[in-house]
Amino acid sequence: MPPKKKVKKKRAKSAKASEPTIEEKYQQTIQKITSLQDHLAMRTEIARRSQLKSYDLRDQMRKANDEIIEERKSKHDISSDLIRQYKSMQKDLTHKTYLLENKILDLTTRLTTTEQELANERTEKQRIIEEKDSVIFKLERRLDHIENAYENILHDAFDAIVDKMQVARSAWQNESMEIQSRNKALLSKFGLNPLEI
């Protein structure tokens, strides 16, 4: 500790010995004032520039805020328009879906009815074909029976005609023989030879 005191005493003595004069203090004060004025001028210039920059930044910030507000308004308008269009499209789509579902239901019902009618028509057609085939088969059997009957009738008729023709032929032959004999006798009576005539 004692050495610190010695240092202090030395400093105090050296401070008293090197004290500036009034003129030096005045010069120092003028230098300080000049320095402070320069510093103040520099600070004022910096402040002025900062103020201008601040005004520019405020203007830019106002413009940016205006643009943001305009952008938000535009986005809100676009969003509102898109929501309106979406709701309109959704409503139209729901309506179209409803119409299509009703159409599908109607077409399904009509298809079912048509398929049932087609099945009924096929069954009816098959029944009619079977009935016609049965009628045709019966008619063919009757036609065969009639043909056989007519054939038998014709055979019997032809046989009867042949029998009658044979009987008639025999009668004609006998009559022809009698006529020829009479003619021969008459010709012989007149002196004619029947072979020459």
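**Exposure, helices and charges**

Author: Asp59 is partly exposed, because its relative accessible area is 36%. The terms run as follows: buried means under 20% relative accessible area, exposed over 50%, and partly exposed in between, with a 1.4 Å probe and protein chains only. This is a predicted model, in which local features need pLDDT of at least 70 and side-chain atom pairs count only at pLDDT 80 or more, while totals for chains, interfaces and linings use all residues. Residues are numbered from 1 along each chain as its sequence is written, and side-chain values use heavy atoms, with hydrogens and water left out.

Reader: How many helices and strands does the protein chain have?

Author: Helices (H or I, at least four residues) and strands (E, at least two) are DSSP runs, numbered from the N terminus. The protein chain holds 2 helices and 0 strands. Helix α2 spans residues 22-190.

Reader: What share of the residues of the protein chain counts as buried?

Author: Of its 197 residues, 0% count as buried. Areas are computed by the Shrake-Rupley method with a 1.4 Å probe, and for residues only the protein chains shown count as cover. The protein chain exposes about 19,200 Å², of which carbon and sulfur atoms supply 59%.

Reader: With which residue does Asp59 form a salt bridge?

Author: A salt bridge is a side-chain nitrogen of Lys or Arg within 4 Å of a carboxyl oxygen of Asp or Glu. By this rule there are 7 salt bridges. Asp59 pairs with Arg62, their closest N and O atoms being 3.0 Å apart. Both residues lie in helix α2, 3 residues apart, about one turn of the helix.

Reader: How far apart are the closest N and O atoms of Arg127 and Glu131?

Author: In this salt bridge they are 2.2 Å apart. Because Arg127 and Glu131 are 4 residues apart in helix α2, about one helical turn separates them. Salt bridges that share partners also join Glu45, Arg48 and Arg49 into one network. Within it, Glu45 and Arg48 have their closest N and O atoms 2.4 Å apart. Glu45 is partly exposed at 28% relative accessible area, and Arg48 is partly exposed at 42%.

Reader: Which residues form the negative surface patch?

Author: Patches are made of residues with over 30% relative accessible area and no salt bridge; like charges are joined within 9 Å, and nonpolar side chains (Val, Leu, Ile, Met, Phe, Trp, Tyr) within 5 Å. Lys and Arg count as positive and Asp and Glu as negative, with His and the chain ends not counted. A charge is placed at NZ of Lys, CZ of Arg, CG of Asp or CD of Glu. Here the negative patch consists of Asp66, Glu67, Glu70, Glu71 and Asp77. Glu70 belongs to helix α2.

Reader: And which residues form the nonpolar patch on the surface?

Author: Leu154, Phe158, Ile161 and Met165 form it, with about 410 Å² of accessible area together. Met165 lies in helix α2 and counts as exposed because its relative accessibility is 54%.
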